[in-house]
Amino acid sequence: MDRLNGSANLMIVSDLDFTMVDHDDPENLALLRFNALWEADYRHNSLLVFSTGRSPTIYGELRKQKPLLTPDITIMSVGTEITYGESMVPDDGWKQYLDHKWNRDIVMEETAKFPELISQSETEQRPHKVSFYLEKGKASEVMQALSNCLEKRGLDVKIIYSNGIALDILPQAAGKGQALSFLLEKLKSDGLGPLNTLVCGDSGNDAELFSVPEVYGVLVCINIDYFTIYLSVVFANCDFTVKKIIHILNFQVSNAQEELVQWYAENARGNPQIIHATERCAAGIMQAIGNFVHPSGVDQPMTQIIDTLAKQFGQKQGLDFRVWVDRVSFAEVSLGSWLVKFDKWELSGEIIL
């Protein structure tokens, strides 16, 4: 944030999996197009925020797998952790704020009484987040009973159910929406409040983002085919089959997930500040930028770009190769002479035919 001298023209707050990142796009073309658009037209006066349910551990894994830009701010673990910059400096004030009426040990004691709850991996258990898998058909009853138990123990918690399978228990003050509200207030108090804020999501734990006052929002599309594969990996050690999980999910193909679509129908349909994108993932985000901020420019034909790059094989010939730039900055050092700085990233491997 220190790189901006005043208010950001635009602050994008985006979920990652199936929102910014399309796991059904092995070439990462939409993500790379977003990266190019952001670095060329927005980074110099705007802020990029990733808001993910992922813990720091598996967020780091995703960054190794996908050509993600380095965000200015990272909100992780369903809004329970806020960090700043490339070095990911934690916001200690936010951590202290979440301690009110929160006791992780009591949460663990009470959840142990519910055999329907299947603990997620250790990497997903965080100081202010306890996470489980829970079948959709049992979710409503278990959530109500668990909420009553925790309230009787003197805790004030929030129980979030998303993707038709994942249950997170957080302090009442936590969540993606509250984390964004906290961040906006902090920026405003420093005289850096963004002029426009665009939130982007695809599932139930993103719903709170769209409830923050004065933000624009986009619900992006996803594809069920890859999501089925994704679930088969994530839930490989569960006691129920992936086929059953997919049946439980019951969401529409190529659409935002059921719980967020339901929230949209009940709370935001007709709201001109929130749109349901016709494009998937990063392409849907670019669609929203053009809708709310200003047109994102004219794209060059993909065939023209490929023809140009095909002549530049060099030592990467025979490899599947991607290169992108991050953290672009520029300054005029003398009349007509400019200094441009950026980080260059490369990803390559054998071509599989």
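Analyst: Two strands pair if DSSP finds at least two bridges between them. Helices (H or I, at least four residues) and strands (E, at least two) are DSSP runs, numbered from the N terminus. This is a predicted model, where local features need pLDDT of at least 70 and side-chain atom pairs count only at pLDDT 80 or more, while totals for chains, interfaces and linings use all residues. Residues are numbered from 1 along each chain as its sequence is written, and side-chain values use heavy atoms, with hydrogens and water left out.

User: OK, the big picture: how many helices and strands does the chain have?

Analyst: The chain runs to 353 residues, and 48% of them are buried (under 20% relative accessible area; exposed is over 50%, partly exposed in between, with a 1.4 Å probe and protein chains only). Take the contacts (heavy atoms within 4.5 Å) between residues at least 6 apart in sequence: 68% of these join residues at least 24 apart. As for the count, it's twelve helices and 14 strands.

User: Over how many bridges do S8 and S9 pair?

Analyst: S8 and S9 make a hairpin with three residues between them. Ser162 stands opposite Ala166 in S9, and Ile160 has Asp168 as its bridge partner. The pairing of S8 with S9 (residues 166-171) is antiparallel, and the bridges number six.

User: What order do the strands take in the open sheet?

Analyst: Strands of a sheet pair through backbone hydrogen bonds, either parallel or antiparallel. Here four strands join up, with antiparallel pairing. S6 (118-119) and S8 (157-162) are the edge strands, each pairing on one side only. Reading across, the order is S6-S7-S9-S8.

User: Are H4 and H5 parallel, antiparallel, perpendicular or oblique?

Analyst: Axes are lines fitted to C-alpha atoms, for helices over the stretch in contact, and angles run from 0 to 180 degrees between N-to-C directions. The axes of H4 (residues 104-111) and H5 (residues 136-152) come within 10 Å and cross at roughly 135°. Under 35 degrees counts as roughly parallel, over 145 as roughly antiparallel, 65 to 115 as roughly perpendicular and the rest as oblique. That makes H4, relative to H5, oblique.

User: Which residues of H5 meet H4?

Analyst: From H4, the residues involved are Ile106, Val107, Glu110 and Thr111. By class, the contact has five nonpolar residues (Ala, Val, Leu, Ile, Met, Phe, Trp, Tyr, Cys and Pro), one charged (Asp, Glu, Lys and Arg) and one polar (the others, Gly among them). On the H5 side you'll find Leu146, Cys149 and Leu150.

User: At what angle do H1 and H11 cross?

Analyst: Ala30, Leu31, Arg33, Phe34, Leu37 and Tyr42 in H1 meet Ala282, Ala283, Ile285, Met286 and Ile289 in H11. Those divide into ten nonpolar, no polar and one charged. The axes of H1 (residues 29-42) and H11 (residues 281-292) come within 8 Å, and the crossing angle is roughly 35°.

User: Is Val199 buried or exposed?

Analyst: Val199 sits in S10 (residues 197-201). Not counting residues up to four places away in sequence, it touches Val13, Leu180, Leu209, Phe210, Val215, Tyr216, Gly217 and Val218. With 0% relative accessibility, Val199 counts as buried.

User: And what is the relative accessibility of Met88?

Analyst: Met88 is in the loop between S4 (81-84) and S5 (89-90). Its phi is near 55°, a positive value in a residue other than glycine. Met88 counts as partly exposed, because its relative accessibility is 29%.
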